[in-house]
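Visitor: I would like to learn how to read a protein structure. Could we go through it feature by feature?

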Amino acid sequence: MGRHADTTSARRVQRPAPVALIVALVVVALVAGGLVWWLAGSGSGDGCDTTRTIRVTVAPELGDVAQELLAEPQDLGGGACATAEVTAQEPLQTVGDLGALEGSGLPQVWVPDSSLWAVRAGDAPLDASGSMATSPVVLGTSSAAADELGWSTSPPPWSQALSGARPVAVPDLATSAEGVAALAAVRSSLGGGDAADNAVVQAVLAARRGPSVTPAEALAAAQGGDAGAPLLPMSEQEVISVNRGAEDSSLVAVYPAEGSPALDYPVLRVGSPGDDDRAAVDAVVRRLTSEAARTAVLDAGFRDAEGTAPIDPGPGVQEEAPEELAVDAEQVTDLLAELARLAAPSRLLTVMDVSQSMEAPAGDGTRATLMRDAALSALELLPGNASGGIWAFAYQLEGEQDWIELAPIREMDADVDGGTQREFLAEQFESLPDRLSPGGTGLFDTALGAVRAAREQHDPDAVSSVVLITDGTNEDSTGIPLDELLQTLRDEADPQRPVKVIGVALGPDADIAALEQIASATGGAAYSAVDPTDLQDVLFDALRQR
């Protein structure tokens, strides 16, 4: 406005009266002030004739960043503005909302910490519109622990780190994308397949079997510099955030050798906005994926989509982004279902063949010693809330009965004669090679007796299974025949008290066909360990499929 004023003409005209001059100046000031107000109002909301409020839900760690980015209304043109109502919420709760709520109860824009949540959201209408930030999943521990383990200079593979002797504080897999991503990394780094699945099982069971430690306790130990600090799957951004909030923290990030899966913080449009809201949703999405957003997340300890290092990350993290380890969403869906099964306590009745044929050479020992060693390894992985018992069977071991009970089903941590059930079971497993009995194998009667016994001791909060290991065929001619056994198992099946048979055929002479039929009749599975040295892997897989 001032650049258009003619100063020479002011000299040619009569000087205005003082009152007129004051009025003119007031008018100019008001007009100029109005212009400044209008210009500011286009960003502050004071000049918005109409506003559209968009519901935005973000992962908790992005709450402050999103709130700041969306604090000012977004100009839509024509006097319209978009405002945002930002909610910081755990992704699992949002997944639940997407399955249960409608309309105004749902966000219109959702930024969880990982695209894995979109898979868990099922049929919810979600449309990805870029990424707001990224952060690699790492293993948090103390700098002293990393040095002691040699991981400061030579980081371990995922499978070694999560199934080794070092305790792991596994986050709640129902709520933690970091925990699920870490286990998916184990599977992915091993190339998938049964061997990789077994490694995941071992990692989960080893973590549950180890000393009980919470993520908060693991963080405290790491920050305090404890050389025995547990491992904690967490995001790199959380390492940075924790260290920024504490003095002299010793928490560091270990980046496993194969690379790291990344939390990718996708910006997801939820549903199909109406015509009135579409432009407002677009404006919010643009803001969350803008250059200003990129700067804000880098400052908050995140990386951008290209892996740019965070601004002033502090100690404990590396500047260069680790190689991204791809995680297949469909595999994660299967993994989550598998982990959900593992979450339920187990009630395992292990039924082991002690017929004379188990004395046959195998590996560096006999079939019996290999069975013992595999059982002891599996026992070490079972968590304290699991329950287990042992039967041995051959032919007429107790009168006309083909089996004997070596240990009833009890919780692993239950007191047994001053020790624990786990210790008692280990003693019984150790005794198996000395219990071999001549006279054949009473497989079918034993299978029926074991299923009935497990059903009688059913716990509605646990998964009941009979693990039946044999190297032979049924040789009890006076016992129940196979056809009658299968029909009896079907007739006696109780949906309220299900019991699965997991059959393990040890060696080339075992009747895998009969085990498959028995397992099928109970909804279980059968495995063949033709090479007896594979028995340990078979048992791990049986645990996974329980």
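This is a predicted model: local features need pLDDT of at least 70, side-chain atom pairs count only at pLDDT 80 or more; totals for chains, interfaces and linings use all residues.

Visitor: Is threonine 470 buried or exposed?

Guide: Buried means under 20% relative accessible area. Threonine 470 has a relative accessible area of 1%, so the residue counts as buried.

Visitor: What does threonine 470 touch?

Guide: Leaving out residues up to four places away in sequence, its contacts include Asp353, Phe393, Thr441, Val504 and Leu515.

Visitor: How should I read a nonpolar core?

Guide: In soluble globular proteins, nonpolar side chains tend to be buried together. Here the largest nonpolar core has 64 residues, and Val56, Leu62, Val109, Met132, Trp158 and Leu288 have the most contacts inside it. Helix α8 (residues 177-189) supplies the largest share of this core, eight residues.

Visitor: Why does this core lie between domain 1 and domain 2?

Guide: Because both domain 1 (50-133 + 265-300) and domain 2 (135-262 + 322-338) give residues to this core. As for leucine 288, its contacts beyond four places in sequence include Val56, Leu69, Val109, Met132 and Ala293. A second, separate core has 35 residues, among them Leu432, Ile502, Leu506 and Val538.

Visitor: How many disulfides does the structure hold?

Guide: The structure holds one. Cysteine 48 is joined to cysteine 81, with 1.9 Å from S to S. The torsion about the S-S bond is about -80°, so this disulfide is left-handed. Cysteine 48 sits in the loop between α2 (18-44) and β1 (50-58), while cysteine 81 is in strand β3 (residues 80-88), so the pair ties together parts 33 residues apart in sequence. Cysteine 48 is buried at 14% relative accessibility, and cysteine 81 is buried at 3%.

Visitor: How many aromatic pairs does a search of the whole structure find?

Guide: It finds two. For each pair, look at the distance between ring centres and the angle between planes. The rings of tyrosine 265 and phenylalanine 302 have centres 5.2 Å apart and planes at 85°; planes over 60 degrees apart count as edge-to-face, so this pair is edge-to-face. Tyrosine 265 is buried at 0% relative accessibility, and phenylalanine 302 is buried with a relative accessible area of 0%.

Visitor: What are the values for tryptophan 391 and tryptophan 403?

Guide: Their rings are 5.1 Å centre to centre with 5° between the planes, and the pair is stacked. Tryptophan 391 lies in strand β14 (residues 387-398) and tryptophan 403 in strand β15 (residues 401-411), 12 residues apart.

How values were computed:
Residues are numbered from 1 along each chain as its sequence is written. Side-chain values use heavy atoms; hydrogens and water are left out. A nonpolar core is a set of buried Ala, Val, Leu, Ile, Met, Phe, Trp, Tyr and Cys residues joined through side-chain atoms within 4.5 Å. Buried means under 20% relative accessible area, exposed over 50%, partly exposed in between (1.4 Å probe, protein chains only). Helices (H or I, at least four residues) and strands (E, at least two) are DSSP runs, numbered from the N terminus. Domain bounds come from an automatic or database domain assignment. Contact means heavy atoms within 4.5 Å. A disulfide is a pair of cysteine sulfur atoms within 2.5 Å. Rings of Phe, Tyr and Trp (its six-membered ring) pair if their centres lie within 6.5 Å; planes under 30 degrees apart count as stacked, over 60 as edge-to-face and the rest as tilted.
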